[in-house]
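Please keep the sequence and the model in view while reading.

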Amino acid sequence: MPPRTPGAELPEHPDWLWHSPEPKSSYDAVIVGGGGHGLATAYYLAKNHGITNIAVLERGWLAGGNMARNTTIIRSNYLWDESAGLYEHALKLWEGLADELDYPLLFSQRGVLNLAHSLQEVRDSVRRVNANRLNGVDAEWLDPDQVAEICPILNTSPDLRYPVLGATWQPRAGIAKHDHVAWGFARALDRMGVDLIQGCEVTGFERVGDRVVGVETTRGPIRTGKVALAAAGHTSVLADTLGLRLPIQSHPLQALVSELLEPVHPTVVMSNSVHVYVSQAHKGELVLGAGIDAHNSYSQRGAFHTIEREMTAAVELFPMFARAHVLRTWGGVVDVTPDASAIMGLTPFEGLYVNCGWGTGGFKSTPGVGWCYAHTIAHDEPHPLNAAFSLERFTTGALVDEHGAAGVAH
Amino acid sequence: MMLIPCPWCGPRNEIEFHYGGQAEVRYPVDPQAVSDEDWARFLFFRDNPKGMFTERWSHAAGCRRWFTVRRDTVTNEIHPDDGASNARTVTR
Ligand SMILES: Cc1cc2nc3c(=O)[nH]c(=O)nc-3n(C[C@H](O)[C@H](O)[C@H](O)COP(=O)(O)OP(=O)(O)OC[C@H]3O[C@@H](n4cnc5c(N)ncnc54)[C@H](O)[C@@H]3O)c2cc1C
Ligand SMILES: [Zn+2]
């Protein structure tokens with residue numbers, strides 16, 4: 001295969017990449033939610049476990065949820081062993097995914113800088129670099145001059161209110177084109193005979209005692225031995241119909257893009273303290289994100305003051321952005337857990353599997369989720385990489401507390 | 001922007017407020033008798049409805065008092081009639 005030039009290849013029109021079959025009355029497994037996680041899970045169920053009689057049920061259009069709304073940052077520089085294990089597994093999969101799916105994902109390993117603005121943050125960051133290295137994750141600690149070398153448009157002047165005191169640097173991190181990722185998986189699934197069914201909302205479950213034996217949908221009941229949730233911000237709504245309580249809260253998370261600009265921004269920059277993250281998309285838009293809105297919401301719309309704060313931070317760090325125009329802003333619904341880590345595993349119901357709580361950071365995990373969740377579903381037992389992310393951890397107290405440790409504040 | 005009705009100061013821009021999550025979450029009456037399971041419920045599990053939610057806000061940049069409103073989490077419509085008008089100061 002000739003080497004890919006990012007942006008040079010345009011994919012086929014999504015309408016031609018997969019069929020839209022009528023739902024059958026039963027499947028071996030049903031996946032609720034056609035975002036990146038649902039698609040990747042179906043892919044590895046088929047590929048690694050030979051289960052192809054699967055339906056992915058999506059209430060809207062394929063990958064129109066958070067998958068289409070995120071800022072696409074991919075990295076694996078998490079502090080704790082459990083997180084590093086999962087995200088690094090995902091990053092390794094990303095590195096071969098475009099070739100495997102034979103589809104241009106525009107995966108660009110342009111590196112990620114996580115800035116530190118206080119002495120405490122410097123110490124935490126250096127600790128994280130050391131932890132990353134012990135876990136085989138590429139990481140370096142850079143002083144402000146080295147940061148400026150990698151990202152010359154960043155304001156590293158000591159006169160800032162929150163000056164850049166240094167940064168962690170993960171060269172293998174980067175971005176990918178989210179739509180292409182979904183379409184690449186969808187095309188592969190279609191070829192393996194998996195049914196991708198859009199406009200089909202799961203409204204409830206069929207049960208025999210504590211066993212889930214099917215789902216009720218807006219297009220009729222579907223029987224199956226295995227129901228895997230991959231509904232991101234809407235998991236509580238589904239779990240509520242079973243009386244299953246989950247420790248998640250759904251919040252708006254917003255992002256915005258500028259008009260197309262010449263290439264100015266060579267890497268990804270994230271700041272936890274002043275809270276903004278920025279990269280430049282292949283086409284040229286500056287892609288900016290920040291923190292969640294404080295209140296719970298399913299409105300897919302956040303408050304303007306959240307955007308204002310994000311822009312203030314961005315313009316202080318990147319003075320040249322002051323002249324850029326915002327083209328559009330949008331919001332997603334992200335599900336946040338008390339320890340800021342995901343929940344992936346079994347539930348008290350036989351035949352029901354849960355994957356939720358990825359909050360603001362689940363795009364990067366997409367292939368890793370697919371791999372581990374497929375294993376969990378096929379074997380009725382978590383993969384070693386997702387065993388720590390069980391629902392029980394909130395009772396046992398074995399939390400995977402990545403709050404603050406992850407280099408983002410949420 | 002949400003216009004949040006502080007029972008004491010009237011409707012104000014949401015930037016003046018701090019969010020407190022679900023209302024009416026009570027500290028266990030007899031903490032010694034609480035099982036691990038119930039501690040987990042108390043600490044980590046909150047309702048997350050798509051629809052009406054009874055929640056706490058603090059008027060952080062104003063009178064600094066806590067109060068309860070009912071808000072639709074889909075439309076952000078706030079119903080001060082149910083709860084918020086019963087102005088009461090709550091210590092935490
Ligand atoms: C603004 C923003 C920026 C982000 N930035 C990043 C980032 O830079 N890096 C990163 O790693 N992560 C990021 N994320 C987080 C990431 O997008 C999510 O964690 C991830 O997309 C969640 O998994 P998913 O792709 O399956 O979710 P989704 O794409 O939301 O998939 C869930 C699907 O389930 C469907 N669904 C829901 N209920 C039902 C039902 N009852 N029946 C059928 N279908 C249903 C939805 O329509 C949706 O398509 C960001 C998120 C947002 C909103
Ligand atoms: Zn007030």
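In which sense do strand S12 (residues 249-260) and strand S15 (residues 285-292) of chain A pair, and over how many bridges? Strands S12 and S15 of chain A pair in the antiparallel sense, over five bridges. Two strands count as paired if DSSP finds at least two bridges between them. The strands themselves (E, at least two residues) and the helices (H or I, at least four residues) are DSSP runs, numbered from the N terminus.

The model is predicted: local features need pLDDT of at least 70, side-chain atom pairs count only at pLDDT 80 or more, and totals for chains, interfaces and linings use all residues. Residues are numbered from 1 along each chain as its sequence is written, chains are lettered from A and ligands numbered from 1 in the order in which they are written, and side-chain values use heavy atoms, with hydrogens and water left out.

**The eight-stranded sheet of chain A**

- Eight strands of chain A form an open sheet with mixed pairing, in the order S5-S6-S4-S13-S14-S15-S12-S16.
- At the edges of this sheet are strand S5 (140-142) and strand S16 (326-336) of chain A, each of which pairs on one side only.
- From one strand to the next, the twist averages 20°.

**Strand S2 of chain A and its neighbours**

- Strand S2 (residues 54-57) of chain A is covered on both faces: Ile54(A) and Val56(A) on one side, and Ala55(A) and Leu57(A) on the other, are all buried. Buried means under 20% relative accessible area, exposed means over 50%, and partly exposed lies in between (1.4 Å probe, protein chains only).
- Strand S1 (residues 26-32) of chain A runs parallel to S2(A) and is joined to S2(A) by four bridges. In this pairing, Ile31(A) stands opposite Val56(A).
- The chain passes from S1(A) through helix H1 (residues 36-49) of chain A to S2(A), in a right-handed β-α-β crossover. Right-handed means that, with the strands pointing away from the viewer, the path from the first strand over the helix to the second runs clockwise.
- S2(A) is also joined by three bridges to strand S8 (residues 195-197) of chain A, and these two strands run parallel. Here Leu57(A) stands opposite Ile197(A).
- An unreviewed UniProt entry lists residues 30-73 of chain A as "domain: Rhodanese". UniProt positions are given in the numbering used here, feature names are shortened, and annotations may be inferred rather than shown by experiment.
- Over residues 30-73, chain A is 32% helix and 18% strand, and the end C-alpha atoms are 29 Å apart.

**A helix pair in chain A**

- Helix H2 (residues 81-101) and helix H8 (residues 366-379) of chain A pack at an angle of about 110°, with their axes 7 Å apart. Axes are lines fitted to C-alpha atoms, for helices over the stretch in contact, and angles run from 0 to 180 degrees between N-to-C directions.
- H2(A) is therefore roughly perpendicular to H8(A), a term that covers angles of 65 to 115 degrees.

**Chain B**

- Chain B has one helix and six strands, in the pattern β-β-β-α-β-β-β along the sequence.
- Of its 92 residues, 39% count as buried.
- Four strands of chain B form an open sheet in the order S3-S4-S5-S6, with antiparallel pairing. Strand S3 (18-22) and strand S6 (78-79) of chain B stand at the edges with a single partner strand each, so one side of each lacks a neighbour in the sheet.
- Two bridges join strand S5 (residues 66-72) of chain B to S6(B), and Arg71(B) stands opposite Ile78(B).
- Cys63(B) lies in the loop between strand S4 (52-58) and S5 of chain B and is partly exposed, with a relative accessible area of 27%.
- Cys63(B) and Cys9(B) are 54 residues apart along the chain, yet their C-alpha atoms are separated by 7.3 Å.

- Most residues other than glycine have a negative phi.
- Asp102(A), although not a glycine, has a positive phi of about 50°, and at 41% relative accessibility it counts as partly exposed.
- Arg64(B), also not a glycine, has a positive phi of about 65°, and at 60% relative accessibility it counts as exposed.

Terms used:
Parallel < 35°, antiparallel > 145°, perpendicular 65-115°, else oblique.
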